[in-house]
Amino acid sequence: MNISVVGTGYVGLVTGVCLSEIGHRVTCIDIDEAKVEKMNNGISPIYEPGLSELMTKNIEKDRLFFTTDHANGFYNADAVYIAVGTPEKEDGSADMKFVKQVAIDIAIDVSKDTVVVTKSTVPVGTNDKIKEVIQANLVNNVRIDVVSNPEFLKEGSAIEDSFNGDRIVLGSDSEYAANLIEEVNKGFGVPIYKTDIRSAEMIKYASNAFLATKISFINEIANICDRVNANVEDVAKGMGMDKRIGDKFLKAGIGYGGSCFPKDTKALIQIAGNVEYDFELLKGVVKVNQKQQALLLDKLNERFDSLEGKRIAVLGLAFKPNTDDMREAASIVITNNLIEQGAEVFGYDPIATDNAKTLLSDKMVYEGSVEAAVEGSDATLIITEWDEIKHVNLEVFRSMKYPLVIDGRNCFSLDKMKEVGIEYHSVGRPTDMKKKDYIL
Ligand code: UDX
């Protein structure tokens with residue numbers, strides 16, 4: 001089938017490339033000319049394992065195209081996917097201006113019956129509005145149907161997730177449109193669940209809010225474990241063996257970040273508020289996450305009278321491993337605060353340094369390796385559990401002024417750290433180390 005995808009951010013690009021991989025002829029549209037030129041040469045603007053390879057392969061097979069020209073991009077499309085951003089507004093609600101603009105562009109440029117598929121995460125009721133806007137501005141006499149098709153891909157494993165997802169959700173009030181988009185997606189071999197538009201829109205928010213709730217829940221349990229000398233990893237394992245609970249998303253740490261959970265939880269609180277419903281539980285989830293992102297600062301401040309002039313190494317800057325995405329990363333809150341307190345901060349991330357430079361304080365110093373960041377520091381904070389960091393030779397911490405490691409992602413075994421003689425604090429795991437255990 002002929003498919004157009006508007007917006008080549010994370011969701012749009014992965015969607016377009018994967019649809020071309022299962023045999024569709026896909027044209028991706030973006031307003032950014034430089035980006036489009038790059039993509040036409042098979043260069044991915046984001047770091048995502050396997051993406052560039054699939055881009056190059058499908059460009060060569062003549063079924064993946066990139067353009068800035070809407071009219072050209074929409075020409076002959078059976079389906080147009082909307083995958084533009086819905087940034088968070090100051091009040092926490094999602095900003096729909098880009099989505100609305102695409103709806104108008106579609107109305108002006110489509111010249112045959114078209115199914116409009118919304119991939120962007122949009123408040124409940126938006127797909128109905130999209131249809132209204134298109135109908136109101138339609139230039140040619142064609143039939144427009146809408147399908148809500150929310151995105152559940154995880155950054156860092158998006159390609160794999162596309163072909164091994166748990167479900168594809170399609171919401172529509174048109175049986176014809178739902179069947180057509182079901183056909184489009186058959187090649188992924190993933191179970192398809194069809195429902196009405198508003199339920200599909202809600203499934204996305206409810207799923208992300210539920211996963212965020214699991215994370216904030218286990219983080220609170222971890223904070224209590226810290227105080228009662230229990231081990232949150234054993235607690236999570238014991239809980240997860242109950243199939244009703246499940247063992248995923250129970251990894252305690254310094255909270256969730258990224259482009260989805262922080263934005264979608266706040267948007268759902270806002271959606272509930274708009275219909276006069278106070279989503280108290282979710283408000284708690286957001287509050288716990290804000291507190292959790294600052295946990296390492298609390299632990300560090302307990303340990304030092306002042307951070308003025310202290311050299312602090314920060315390992316991992318991205319919001320999670322295997323991505324260069326810095327959106328809502330705990331590293332932002334942590335490094336800004338350290339710098340405010342007068343510390344000298346030396347950061348290292350295997351991939352995200354370029355993005356970090358655009359977001360973090362100018363006073364940050366970036367190093368090219370774990371070793372360089374850690375050497376001579378008064379404390380090391382671990383923010384992101386990259387494999388490279390998890391598997392680092394623990395002897396590296398002996399090059400610090402004093403071997404104090406405060407780990408926000410529980411990367412190391414308590415026993416090993418004790419054996420090597422490193423003062424080690426993590427999240428929700430007891431430590432019986434006394435001062436005399438440390439090498440000074
Ligand atoms: C998430 C959802 O998983 C995906 O379905 C949705 O479409 C977009 O949002 P993503 O943001 O890529 O995907 O990352 P994910 O792997 O889900 O992790 C989100 C955050 O939660 C990360 O900061 C991660 O460190 C944190 N997390 C995750 C935990 O702290 N503990 C966990 O057990 C799992």
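Which hand does the crossing of α5 and α6 have? The crossing is right-handed; a crossing counts as right-handed if the near helix is turned clockwise from the far one by less than a right angle, and as left-handed if anticlockwise. The model is a predicted one: local features need pLDDT of at least 70, side-chain atom pairs count only at pLDDT 80 or more, and totals for chains, interfaces and linings use all residues. Residues are numbered from 1 along each chain as its sequence is written.

Helix α5 spans residues 97–109 and helix α6 residues 126–137. Helices are DSSP runs (H or I, at least four residues), numbered from the N terminus. The axes of α5 and α6 come within 8 Å and cross at roughly 40°. That angle makes α5 oblique to α6. Angles under 35 degrees count as roughly parallel, over 145 as roughly antiparallel, 65 to 115 as roughly perpendicular and the rest as oblique. Axes are lines fitted to C-alpha atoms, for helices over the stretch in contact, and angles run from 0 to 180 degrees between N-to-C directions. On the α5 side, the contact is made by V99, K100, A103, I104, I106, A107 and I108. T126, I130, V133, I134 and N137 supply the α6 side. Two residues are in contact if their C-beta atoms, placed from the backbone, lie within 7 Å. By class, this contact of α5 with α6 holds nine nonpolar, two polar and one charged. Ala, Val, Leu, Ile, Met, Phe, Trp, Tyr, Cys and Pro count as nonpolar, Asp, Glu, Lys and Arg as charged, and the others, Gly among them, as polar.

V14, V17, S20 and E21 of α1 meet L51, L54, M55 and N58 of α3. Five residues of this contact are nonpolar, two polar and one charged.

The chain is divided into domain 1 (2–195), domain 2 (203–292) and domain 3 (294–437). These bounds come from an automatic or database domain assignment. The centres of domain 2 and domain 3, taken over C-alpha atoms, are separated by 24 Å. At their interface, 20 residues of domain 2 are in contact with 18 residues of domain 3. α9, α10 (232–240) and α12 (280–293) each supply at least two residues of the domain 2 side. The largest share of that side, five residues, comes from α9. Its classes are eight nonpolar, nine polar and three charged residues.

α9 also packs against α10. The two axes come within 9 Å and cross at roughly 135°. α9 is thus oblique to α10. The crossing of α9 with α10 is right-handed. I218, I221, A222 and C225 in α9 meet V232, V235 and A236 in α10. This contact has seven nonpolar, no polar and no charged residues.

The ligand is surrounded by 19 residues. The closest are E155, K251, Y256, G258 and C260. Helix α9 (residues 197–228) gives the largest share of the shell, three residues. Domain 1 and domain 2 each contribute at least three residues to the shell. By class, the shell divides into 10 nonpolar, four polar and five charged residues.

Note on methods. A residue is near a molecule or strand if its C-beta atom, placed from the backbone, lies within 6 Å of it.
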